[in-house]
Amino acid sequence: MLYFQEAERLKGNTGEHLMALLERRLDNVVLAGGLALSRNHARQLVNHGHFTVNGRWVDVASYKVRPGDEIAPRTGEKVKAQISEALE
């Protein structure tokens, strides 16, 4: 509901703004980047704190990523194993 309200406030096509807002979510970016097997897997990886954004630990799946943000997996054998599995 909040995404729709924010998209409605912006000038232009509400549907296009809504899609752009949803595509900026961290869990969606992780999935689109091929670092997770499914949407649920991406959400779980983010919620468990396996990613950093611009060097800062983020554990909120709905975090809005901006263009130019650097998203990286945290160092750890368990995280590396899960991400390498998804990349294969």
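Trainee: Which residues of helix α5 are buried?

Mentor: In helix α5 (residues 77-87), the buried residues are V79, I83 and A86. Buried means under 20% relative accessible area, exposed means over 50%, and partly exposed lies in between, with a 1.4 Å probe and protein chains only. Helices (H or I, at least four residues) and strands (E, at least two) are DSSP runs, numbered from the N terminus. The model is predicted: local features need pLDDT of at least 70, side-chain atom pairs count only at pLDDT 80 or more, and totals for chains, interfaces and linings use all residues. Residues are numbered from 1 along each chain as its sequence is written, and side-chain values use heavy atoms, with hydrogens and water left out.

Trainee: Where do V79, I83 and A86 sit around the axis of α5?

Mentor: The three buried residues of α5 cover an arc of only 55 degrees around the axis, which puts them on the same side of α5. The arc is that of the directions from the helix axis to the C-beta atoms. On the other side of α5, E77 and K78 are exposed.

Trainee: And what covers the buried residues of α5?

Mentor: The cover includes β1 (51-53) and β3, where contact means heavy atoms within 4.5 Å.

Trainee: What is the strand order in the sheet?

Mentor: The order is β2-β1-β3 in an open sheet of three strands, with antiparallel pairing. Two strands pair if DSSP finds at least two bridges between them. The strands β2 and β3 stand at the edges with a single partner strand each, so one side of each is left without a neighbour in the sheet. On average, neighbouring strands of this sheet are turned by 40 degrees against each other, direction ignored. Axes here are lines fitted to C-alpha atoms, for helices over the stretch in contact, and angles run from 0 to 180 degrees between N-to-C directions.

Trainee: How many bridges join β1 to β3?

Mentor: Three bridges join these antiparallel strands. F51 stands opposite P73 in β3.

Trainee: Which residues have the most contacts inside the largest nonpolar core?

Mentor: They are L26, V30, L35, A36, V46, F51 and I83, in a core of 14 residues. The elements that give two or more residues to this core are α3, α4, β1 and α5, and α4 gives the most, with three residues. A nonpolar core is a set of buried Ala, Val, Leu, Ile, Met, Phe, Trp, Tyr and Cys residues joined through side-chain atoms within 4.5 Å.

Trainee: What is L26 in contact with?

Mentor: Leaving aside neighbours within four places in sequence, L26 is in contact with V46, V53, V58, V60, A61, Y63, V65 and I71.

Trainee: Changing topic, how many salt bridges does the structure hold?

Mentor: It holds three salt bridges. A salt bridge is a side-chain nitrogen of Lys or Arg within 4 Å of a carboxyl oxygen of Asp or Glu. In one of them, the side chains of K64 and E6 meet at 2.7 Å, N to O. K64 lies in the loop between β2 (56-58) and β3 (71-73) and E6 in helix α1 (residues 2-9), so the pair ties together parts that are 58 residues apart in sequence. K64 is partly exposed at 28% relative accessibility, and E6 is partly exposed at 21%.

Trainee: Which residues are linked in a network of salt bridges?

Mentor: R25, D27 and R43 form that network. The side chains of D27 and R25 meet at 3.1 Å, N to O, and those of D27 and R43 at 3.8 Å, N to O. The second pair links distant parts of the chain, with D27 in helix α3 (residues 26-32) and R43 in helix α4 (residues 39-47), 16 residues apart.

Trainee: Is D27 buried or exposed?

Mentor: D27 is buried, at 5% relative accessibility, and R25 is buried too. R43 is partly exposed, with a relative accessible area of 38%. Not counting residues up to four places away in sequence, D27 touches A42, R43, V46 and A61.

Trainee: What about N54, where is it found?

Mentor: N54 is found in the loop between β1 and β2. Its phi is near 55 degrees, a positive value in a residue other than glycine. Most residues other than glycine have a negative phi. N54 counts as partly exposed, at 42% relative accessibility.
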